Amino acid sequence: MGSTGTVLRELRGAQKSAKGVSLYSRYVNRPAGRVLAAGAYRAGLSPNQVTLISALFTYGAVASVALVEPSWTLAVLVYAALAVGFAFDSADGQLARLTGRGGPDGEWLDHVVDCGKLLLVHTAVLISFYRFGELPSDAWLLLPLGFQLAAVVTFCAGLLREHLGKAAASARGPSWAATPAAPVSRVRAVALLPADYGVFCLVFLLLGAPGAFRAGYAVLAVVHTLFLAAFLAKWFRELKSLRAG
C-alpha cells in the first residue's frame with residue numbers, strides 16, 4: 001500500500017472527464033472526494049462501504065432537518081453533514097476506479113442512495129415547513145413537492161440518457177463510439193453551478209432564518225425546474241440523433 005501522496009497522484013489519474021461538470025464539483029467536491037478516497041484506501045475500505053458512509057452523513061442530515069427545530073447551529077451541522085456526504089459520494093467512484101473493485105452492484109448501490117437522497121431531502125423540507133414554519137400560506141407546502149419532482153426526474157432522465165446513449169453508440173459500431181468528446185467548456189461549468197447538488201446544499205446554511213431559507217429554496221426550485229426543461233430537450237435531441245437509420 002503506497003503513501004497517501006502516491007495514492008492521491010494515482011487518483012488524479014483516474015478521474016472522470018470534467019465534461020458536463022460544474023465548477024463546484026470539479027474544484028471542490030472531486031478534490032475533497034479524492035482526499036477521502038485516499039484515506040479510505042489506506043483504511044482498507046471498499047467502495048461500497050464508502051457509499052454507505054456517504055449515506056450515513058447525508059441521511060443523518062436530512063433526518064435532522066425534519067425532526068429538529070431550525071436554528072443557526074442546526075444550519076451549520078446540516079450543511080457540513082450534507083457536504084461531507086456529497087464528498088464521500090464522489091470518493092466511492094474514485095476508490096472503485098483506483099482499486100478496480102467497482103462493479104454493477106456498486107453502481108446500483110450508489111444510484112439507490114442518490115435517488116433516496118433526492119426524495120428524502122425535499123420530504124424533510126416539507127416536514128420542517130409543516131412542523132416549524134410559520135408559513136405565509138399553506139401553498140408553500142407544495143414547493144418541496146415540485147422541487148422533488150424536478151430533482152428526481154432530472155436524475156432519472158440523466159441516468160437513462162447515459163445508459164441508452166452508450167447502448168445506442170455501441171450498436172452503431174466502434175467507429176461511432178470512438179468519436180472524440182467535445183472539449184470541456186468553462187462557460188458551461190459556470191452555468192451549471194445553480195444545478196449542482198453541492199451548491200443546493202448551501203441553502204441549508206439559511207435554516208436559522210426561516211424566511212431567507214424559504215426564499216433561497218424557492219429560487220433554487222425555479223432554477224432547477226428551468227434546468228430540467230433544458231436538459232430534457234437536449235437529451236431527447238441527443239438520443240434521437242443516435243437512432244439507427
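The lining of the second largest pocket divides into six nonpolar, three polar and three charged residues. Here Ala, Val, Leu, Ile, Met, Phe, Trp, Tyr, Cys and Pro count as nonpolar, Asp, Glu, Lys and Arg as charged, and the others, Gly among them, as polar. The model is predicted: local features need pLDDT of at least 70, side-chain atom pairs count only at pLDDT 80 or more, and totals for chains, interfaces and linings use all residues. Residues are numbered from 1 along each chain as its sequence is written, and side-chain values use heavy atoms, with hydrogens and water left out.

Among the lining residues are Glu 69, Pro 70, Ser 128, Phe 129, Leu 207, Phe 213 and Arg 214. A pocket is an open set of points on a 1 Å grid over the protein atoms alone, where a 1.4 Å probe fits, with protein on both sides within 12 Å along at least five of seven lines; lining residues have an atom within 4 Å of a point. Helices α5 and α10 (210-241) each supply at least two lining residues. Helices are DSSP runs (H or I, at least four residues), numbered from the N terminus.

Ser 128 lies in helix α5 (residues 104-132). Ser 128 counts as buried because its relative accessibility is 7%; buried means under 20% relative accessible area (1.4 Å probe, protein chains only). Beyond neighbours within four places in sequence, Ser 128 is in contact (heavy atoms within 4.5 Å) with Val 65, Pro 70 and Gly 133.

Phe 213 also lines the pocket. Leaving out residues up to four places away in sequence, Phe 213 touches Val 125, Phe 129, Val 203, Phe 204, Leu 206 and Leu 207.

How values were computed: Buried means under 20% relative accessible area, exposed over 50%, partly exposed in between (1.4 Å probe, protein chains only).
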